[in-house]
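Please open the model in your viewer and keep the selection tool at hand.

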Amino acid sequence: MPSTSGYLQIDSLTKRYKEGTAPAVDSVSLSVDEGEFLALLGPSGCGKTTTLRMIAGLIDPTAGTVKVAGKDITHAPVYKRSVGMVFQSYALFPHLDVKSNVAYGLQMRRVPKAEITTKVLEALELVRLGHLADRRITALSGGQQQRVALARAIVINPQLFLMDEPLSNLDAKLRDVMRNEIRGIQQRMGITSVFVTHDQGEALTMADKIAVMSEGTLEQFGTPSDIYERPATRFVAEFVGQANLVEGATFVRAGSASMIELPGAGRLAVPRVSGTQLNGATAMIRPHQLQVRSVARDGDIPARIRSSVYLGDTIQYEVEAGKNILKVQMFADGAPALAVGSEAAVGASTDCVHFIAA
Ligand code: ATP
């Protein structure tokens, strides 16, 4: 569906690198509002970078349009777009110092010298590097280089802030810190941003909107809770977080009780369900929405413990319920000590079970 409003609008955007081959990006349409943070999420090769580069003007689309603030920029050259970009490799100039790297985009735009000095210092303060303005790039840590790349992208106050896997070269701890910093800067500046990642945690924690891509197509576009709680397809359910996917499940209402019939396992009482097709569809139940109990309660189904793994704060069980193998994740505090092979019961917590249409 072509989008009719939004600050950044992509309509039927397509890229075919070679005639006669499958497109790398196939008719992707979406739209985000001014100041929103969009994550392009998907596995390697799904077309995220190609989409980002078409927005940046680094790749010419085969078909479709890109509009920013109502203006069609589909085929505008890069230098005519108001875009700040951060690459995975940072792409800094090693022979220049920190402040000269950040100043580069302003010099290209022929901004007066005094203004450049002020803006560069402001941008460096924003990424907490003011004290290293004169340092050589080669004498910085990976995290510091990343901050320089961020400062260089935002110093021109662009209409769009584009980032291609900017955190992938950092260790896990620093990645968490930089996630928060990027999100903070983006929100303080109110700058419309697009962020490429294959890390679902990054997308869920940072983005206002997520576009999940697979093999060049858009699987689902929505808020993080849309994507996590109400995935449109099996692919999205499995790619974003862990999921139990039970084929051929049926919704049953008995009086005021809601239940789902799991093939071969009986009826599991559930507080809520969502989805458009509630019969014979695939029921998605997140592991944290299930609980293992040593004594069954009303509405539980019988199960046998296949494995139990202690993860510190949580315990991950795998249980057999009829023909279904279900993953269950519980806080270690309230989890029963059940040996592998023992009989148990499984119940659903207060969260909802989502049906994915066949
Ligand atoms: P990754 O996470 O690995 O970077 P991605 O989702 O960003 O992957 P793209 O880099 O957009 O994916 O690539 C999408 C598809 O297009 C892949 O099959 C890739 O091999 C192909 N592709 C990318 N660049 C080119 C090119 N210059 N010429 C031909 N094919 C290309």
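In which strand is the place of Ser 27? Select this residue in the predicted model: Ser 27 belongs to strand E2. Its relative accessibility is 40%, so Ser 27 counts as partly exposed. Now inspect its backbone: although Ser 27 is not a glycine, its phi is positive, at about 55°. Most residues other than glycine have a negative phi.

Next, select Arg 110, in the loop between helix H2 (98-108) and H3. Arg 110 is likewise not a glycine, and it has a positive phi of about 55°. Is Arg 110 buried or exposed? It is exposed, because its relative accessible area is 74% and the cut-off for exposed is over 50%.

Continue to helix H3, which covers residues 113-126. Select Ile 116, Val 120, Ala 123 and Leu 124, which are buried in H3. Turn the view to look down the axis of H3: the buried residues fall within an arc of 100°, and therefore they line one face of the helix. On the face turned away from this buried side, select the exposed residues Ala 114, Glu 122 and Glu 125.

Glu 36 is buried because its relative accessible area is 14%, and buried means under 20%. Which side chain does the side chain of Glu 36 contact? Display Lys 209 as well: the two side chains make a polar contact at 3.0 Å.

The last stop is the ligand. Select the residues around it: Tyr 17, Ala 24, Pro 43, Ser 44, Gly 45, Cys 46, Gly 47, Lys 48, Thr 49, Thr 50 and Glu 165. This shell divides into four nonpolar, five polar and two charged residues.

- Tyr 17 has a polar side-chain atom 3.3 Å from a nitrogen atom of the ligand.
- Cys 46 has a polar backbone atom 3.0 Å from an oxygen atom of the ligand.
- Lys 48 has a polar side-chain atom 2.9 Å from an oxygen atom of the ligand.

Finally, display the surface of the ligand. Taken alone, the ligand exposes 640 Å², and the protein buries 52% of that area.

Technical notes: Residues numbered from 1 in each chain as written. Predicted model: local features only at pLDDT ≥ 70, side-chain atom pairs only at ≥ 80, totals over all residues. Heavy atoms only, no water. Near = heavy atom within 4 Å. Polar contact = N/O pair within 3.5 Å; in protein donor to acceptor, adjacent residues only side chain to side chain. Areas by Shrake-Rupley, 256 points an atom, 1.4 Å probe, with all protein chains shown as cover. Nonpolar A, V, L, I, M, F, W, Y, C, P; charged D, E, K, R; others polar. Helix = DSSP H or I, 4+ residues; strand = E, 2+ residues; numbered from the N terminus. Expected span 1.5 Å × (residues − 1). Buried < 20%, exposed > 50% of the residue type's maximum accessible area, 1.4 Å probe, protein only. Arc of directions from axis to C-beta.
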